Amino acid sequence: MNGMTPCPCGSGTAYGACCGPLHDGAPAATAEALMRSRYTAYALGRTDHVFRTWHPRTRPDGVGLDAGVRWTGLDVCRSERGGPDDEDGVVEFVAFWTDVDGSVDGSTGRLHEVSRFTRRAGRWVYLDGEHR
């Protein structure tokens, strides 16, 4: 993805100034920034970033993508804590998807989640989430 292309997370910032540096290993300043970068990683197929930013206590052995799903948008509903001086945070979001290969009957849908984040060795990581 071109660094000047709008970031898929919907921040209105270019990918190269938004989620791109996080995908390349820079730490997220906030839990919301990490959540946005994880959404963008799913949208771009960057499972390495998703795996690396998942707390080792709760992450699966591997992270896969559903090839028939294209992530099409993100709405952040709310953030609690998760700032530069916090040790934990919560981000509620809705991520939108569409079926691109007919495996889900050409459907569209959404994933509504309240995600919990924590710091590990000073860096934000995804702990777990509750689907709504």
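This is a predicted model: local features need pLDDT of at least 70, side-chain atom pairs count only at pLDDT 80 or more; totals for chains, interfaces and linings use all residues.

Start at the hairpin of β1 and β2: 6 residues lie between the strands, and Gly82 there takes a positive phi near 75°. Side-chain values use heavy atoms, with hydrogens and water left out.

Terms, quickly. Helices (H or I, at least four residues) and strands (E, at least two) are DSSP runs, numbered from the N terminus. Two strands pair if DSSP finds at least two bridges between them.

Now the pairing. Strand β1, residues 69-81, runs antiparallel to β2, with 11 bridges joining them. Gly73 stands opposite Phe96 in β2.

On to β3, residues 108-120. It is joined to β2 by 11 bridges, again antiparallel. Gly89 stands opposite Phe117 in β3. Thr98 faces Thr108 in β3.

How exposed or buried is β2? Strand β2, residues 88-99, is mostly covered, with 10 of its 12 residues buried (under 20% relative accessible area, 1.4 Å probe, protein chains only; exposed is over 50%, partly exposed in between).

Zoom out. The open sheet has 4 strands, ordered β1-β2-β3-β4, with antiparallel pairing. Its edge strands are β1 and β4 (123-131), each pairing on one side only.

Last, the helix. Helix α2, residues 31-44, lies across β1, β2, β3 and β4, at about 170° to β1. Contact means heavy atoms within 4.5 Å. Axes are lines fitted to C-alpha atoms, for helices over the stretch in contact, and angles run from 0 to 180 degrees between N-to-C directions.

Terms used:
Residues are numbered from 1 along each chain as its sequence is written.
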